[in-house]
Amino acid sequence: MSILIQNGTLVLPNGPTAADLRVEDGKIAAIGPGLSAEGCQVIDARGKLVFPGFIDTHTHFEMNKGTDRETADDWTTGTRAALAGGTTCVLDFAEPDHGCSLQSALDAWHSRADGHASCNYSFHMTIVDWDQRIRDELPRMTEQGITSYKVYLAYDGMRIPDGTAYEIIKAVGKEGGIVGCHCENGDLIDESIAELKAAGKLSPSSHPLAHSAVIEAEAVGRWLALAEQAGYPVNVVHLSTQRGLEQALLARSHGQPLYLESCPQYFTMTDEKYQLPGFESAKFVFSPPLRKQEDVDALWEALSEDEIDTIGTDHCSFDYATTKQLGKDDFSQIPPGIPGTEHRPAIMYTFGVKGGHIDVLQMMLSMSERPARLFGMFPQKGTLAVGSDADIVIFDPDHTWRIHAADQYQNVDYTPYEDMEMAGRTDTVLLNGQIAVEGGRVVREGLGTFVSRGPSQFWR
Ligand code: MN
Ligand code: MN
């Protein structure tokens with residue numbers, strides 16, 4: 001069965017264009033004005049925007065599995081929520097246990113995702129150990145479609161020394177892939193937490209103090225220094241501060257190729273959320289934390305000037321009534337993370353496009369095309385073009401609604417965006433050429449397939 005999307009405004013690489021789009025056998029078969037509807041199921045997209053399916057570059061589903069800190073969303077619920085909001089592909093982080101191979105993590109993540117996912121998916125591979133055995137696995141990861149990696153400069157059990165990070169950047173670069181980094185200074189976080197606890201400051205209001213702007217900015221600068229010396233492009237994930245941004249722009253001014261990801265939370269909320277009564281602020285504990293209004297303003301300016309490349313969510317959901325309570329008496333024990341994969345397109349449209357910071361083309365570039373290029377899926381994903389996979393979002397730019405945990409797909413008992421008014425909504429989603437969302441509701445589940453990725457396609 002062919003599907004014809006009629007009368008919509010297609011967000012093409014050269015800008016919004018009034019045209020029809022025909023889907024056949026899971027691919028985009030034709031784009032143009034006045035396409036014939038013969039033999040097609042017709043979707044009327046009049047008054048709507050038609051985007052290439054959005055890609056969430058940063059999720060954590062079914063993380064900490066089997067522990068008291070397991071995430072609320074598993075692969076079934078997380079990908080269903082992502083799909084409902086217009087995300088047709090997620091890139092989740094596979095994490096090996098210490099002493100274990102990358103292959104063991106890849107196998108584990110496949111076993112959790114395969115057959116359960118309602119949107120398409122692939123995995124970034126986290127590197128926590130580094131030795132010849134792990135190094136030798138990189139070509140085998142490439143063969144299995146894994147070309148992006150993640151390292152941490154913070155968190156006990158995850159953080160790696162600078163020399164190791166340097167070696168990993170080189171080794172992954174030689175494979176044609178890219179490494180992203182959680183940029184915070186782990187030693188300074190540990191020292192700050194110890195000082196705050198010794199002073200009896202145990203509430204969530206201490207969280208941003210233990211993850212200050214300089215803690216991010218120093219690590220961004222160091223990470224980029226390691227990359228410059230290694231001679232390969234790198235990614236900075238979840239950039240949150242003006243000072244971190246300044247480090248990146250300084251490196252770019254010297255000609256260094258680097259990529260920046262940020263997240264909706266850093267564009268839409270400030271650290272005032274850490275002054276809520278009781279334990280409410282725990283709902284906003286994630287790392288890096290929410291920042292000042294001047295940071296928010298700087299991020300919007302950077303996105304508007306195409307200095308920020310991709311928008312992911314860092315979706316990592318923990319129930320407030322249970323899991324977040326692990327830190328009730330000690331802020332440093334609050335599992336860090338928030339839900340968000342369901343709401344990213346509506347939030348970035350509402351605050352970004354309707355808010356006057358970006359246009360629909362920039363929204364498409366930051367959430368579809370550039371993620372697909374950076375992570376080796378373009379033009380199969382990330383663009384409306386003949387021959388590309390028919391992962392398509394029909395977005396209603398006039399549908400106003402409010403976000404409520406009570407009616408979200410995310411399987412978690414709150415949302416940090418509770419009662420926020422949205423000025424647009426994903427109406428219909430095609431996944432691999434099949435209608436999977438209609439009227440904002442998921443109508444087909446479990447259609448997600450693994451995306452085997454190629455080398456990064458750099459544009460910087
Ligand atoms: Mn992180
Ligand atoms: Mn993360």
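The model is predicted. Two manganese ions, ligand 1 and ligand 2, lie 3.6 Å apart. A search of the whole structure finds 25 salt bridges, and a negative surface patch includes Glu 301.

**Manganese ion (ligand 1)**

- The donors to the manganese ion (ligand 1) are ND1 of His 182 and NE2 of His 238, at 2.1 to 2.2 Å.
- His 182 belongs to strand 10 (residues 178–182), while His 238 sits in the loop between strand 11 (234–236) and helix 8 (242–253); the pair links distant parts of the chain, 56 residues apart.
- His 182 has a relative accessible area of 2% and is buried.
- His 238 is also buried, at 2% relative accessibility.

**Manganese ion (ligand 2)**

- The manganese ion (ligand 2) is coordinated at 2.1 to 2.2 Å by His 58 (NE2), His 60 (NE2) and Asp 314 (OD).
- Along the chain, the donors of the manganese ion (ligand 2) have the spacing H-x1-H-x253-D.
- His 60 lies in the loop between strand 6 (54–59) and helix 1 (75–85), and Asp 314 in the loop between strand 13 (310–311) and helix 11 (344–353); the pair links distant parts of the chain, 254 residues apart.
- His 60 is buried, at 5% relative accessible area, and Asp 314 counts as buried at 12%.

**Salt bridges**

- Arg 460 and Asp 309 form a salt bridge with an N to O distance of 2.8 Å.
- Arg 460 is in the segment after strand 19 (441–442) and Asp 309 in the loop between helix 10 and strand 13, so this pair ties together parts that are 151 residues apart in sequence.
- Within this pair, Arg 460 is partly exposed, with a relative accessible area of 34%, whereas Asp 309 is buried, at 0%.
- Asp 419 pairs with Arg 402 in a salt bridge, with the closest N and O atoms 3.9 Å apart.
- Asp 419 lies in the loop between strand 15 (401–402) and strand 16 (421–422) and Arg 402 in strand 15, so the pair ties together parts 17 residues apart in sequence.
- Asp 419 is partly exposed at 39%, and Arg 402 is partly exposed at 37%.
- A salt bridge also joins Asp 131 and Arg 133, with 3.8 Å between the closest N and O atoms.
- A network of salt bridges links Lys 27, Lys 381, Asp 389 and Asp 391.

**Negative surface patch**

- Glu 294, Asp 297, Glu 301 and Glu 305 form a negative surface patch.
- Glu 301 is in helix 10 (residues 293–304) and is partly exposed, with a relative accessible area of 46%.

Conventions. Residues numbered from 1 in each chain as written. Chains lettered and ligands numbered in written order. Predicted model: local features only at pLDDT ≥ 70, side-chain atom pairs only at ≥ 80, totals over all residues. Heavy atoms only, no water. Donors = N, O, S within 2.8 Å, 3.2 Å for Na, K, Ca; no water. Helix = DSSP H or I, 4+ residues; strand = E, 2+ residues; numbered from the N terminus. Buried < 20%, exposed > 50% of the residue type's maximum accessible area, 1.4 Å probe, protein only. Patch = residues over 30% accessible without salt bridge, like charges linked within 9 Å, V, L, I, M, F, W, Y side chains within 5 Å. Areas by Shrake-Rupley, 256 points an atom, 1.4 Å probe, with all protein chains shown as cover. Salt bridge = Lys/Arg side-chain N within 4 Å of Asp/Glu carboxyl O. Lys, Arg positive; Asp, Glu negative; His and termini not counted. Charge placed at Lys NZ, Arg CZ, Asp CG, Glu CD.
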